[in-house]
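Let's walk through this structure together, one neighbourhood at a time. Keep the 3D view open as you read.

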Amino acid sequence: MAEKRHPLAQARIARGMTGVDLAREIRRAAERRDLRSGATKQRVYKWETEGVIPDAGSQAYIAEVFGVPAGAVDPRSWPHWLPGVGGMVIPLGPSPVPALREALRTTMERSRRTFLTAISGTALVTLASTWASTDIQALTGESLHDTKAVGEDLVALLEDTSARLTVQATEQRQHTAPLIDALLTTVTDLIDGSRYSQPVKVRLHALAASLSQTVGWHRFDHGLHDEASQYWIAGLHSAHTGGDRDMGAALLGDLAYQASWRDDPPTAAGILERALSGTRHPAAQSLLQLRLARALAAQGERRATLRALGAAEHLLDVSSRDPVPAWCAWMSQADLAVDSGQALLDLGDTRRAHELIRQGQNLLPTSRAKTHGVFLTYQARSHLNLEEPEPAAAAALEALQVAHRIGAPRCVELVQGLIPRFEAHAGVEGVPELLALAAA
């Protein structure tokens, strides 16, 4: 078994840096303060291999090199404040750039086959608590970079490009994903190294948040969960800095959805309870309540689940009175019905669950192919719970065919999770075909 590297070495290698590189960047960080550092390759080696602890000044320089806000550095906790250590996250601060850079770096790490540290549920709930309780007004100052100005025309072009890319049909998004990644990098560079007015700053942060959310969902759909969470956290930073509470709640909702997907409903519920305290729009609250119901149902909390479902239904009914945020404009009666059915399925109310899931499928627009595939897997599960393997196989087979057609690995994963239950019904019509396609 290979020897475990020191967290400093892990952070350094993840960024493609040698010991010489890190020492040089530490000295440059000191020079920017009109100070000097004695950092050398040999000293970095001692920090990484001999248990020598850098002094407070050196830790401040290391933090700057890795994009960690100064407020997150506690010299007494070395090396636990380093990025990626112990499943922690970059805390909210006056700029989203460190979190955006950290997210973009995860893609580079994957290309180098570098191991990514999963973010802990505790860290995510703590981040949600900070977001819910922090005064955003203190974080929205003007950019004063002595560099080239970013004009409204450029921002409008970037916004239009983002809108065109993100509304592509699911089967086309596999081709546009690299373009969205590149667009987020461009927006991050503009935020980090340009001069702009306050209105332009707000738009740039809103664009960074939206793009981060889109990239995160693309990673999530392909099973790249650690990357997805980093992008959603980066989006949360951007929304927070730009003062968009509803978008911040949306990104927390995405992190909660992922926690539920990864069989961690307590973390999901903890995040959602905090997100709900900070969001305003009824449609946003409806979506969060629906996800909270799913997390509560997975824990067998019937009364709380039914209360959350009732709130979700009421809020969706009143949400049309105001313009709905773009990120939850897709939320519909179909989603409410199907997810309510899923929650009831977890609570053992199989008949009512099956009715709701079927109703939701009938209401869903044909344009939402990926959601249709996911809903079909829910329908298959409800048929199995009712001891109806034949219609269950038909629904699962259609879901798998849709997933292969549009390139939706997450939907494939859902169907694969049902396959062991179908193996007991190998003689039922449709099941052999399903098993064959699942094994292909």
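Trp-217, Phe-220, Trp-232, Tyr-257 and Trp-261 form one aromatic cluster; rings of Phe, Tyr and Trp (its six-membered ring) pair if their centres lie within 6.5 Å. You are looking at a predicted model, where local features need pLDDT of at least 70, side-chain atom pairs count only at pLDDT 80 or more, and totals for chains, interfaces and linings use all residues. Residues are numbered from 1 along each chain as its sequence is written, and side-chain values use heavy atoms, leaving out hydrogens and water.

The structure holds 7 aromatic pairs. Planes under 30 degrees apart count as stacked, over 60 as edge-to-face and the rest as tilted. Because they are 3 residues apart in helix α9 (residues 198–221), about one helical turn separates Trp-217 and Phe-220. Helices here are DSSP runs (H or I, at least four residues), numbered from the N terminus.

Phe-220 also pairs with Trp-232: the centres are 5.8 Å apart and the planes at 45 degrees, so this pair is tilted. Since Trp-232 lies in helix α10 (residues 225–242), the pair ties together parts that are 12 residues apart in sequence. How buried is Trp-232? Its relative accessible area is 0%, where buried means under 20%, exposed over 50% and partly exposed in between (1.4 Å probe, protein chains only).

Finally, Arg-410 lies over the face of Trp-261, 5.3 Å from the ring centre. For this, CZ of Arg or NZ of Lys must be within 6 Å of the ring centre and within 35 degrees of the ring normal.

Conventions: Helix = DSSP H or I, 4+ residues; strand = E, 2+ residues; numbered from the N terminus.
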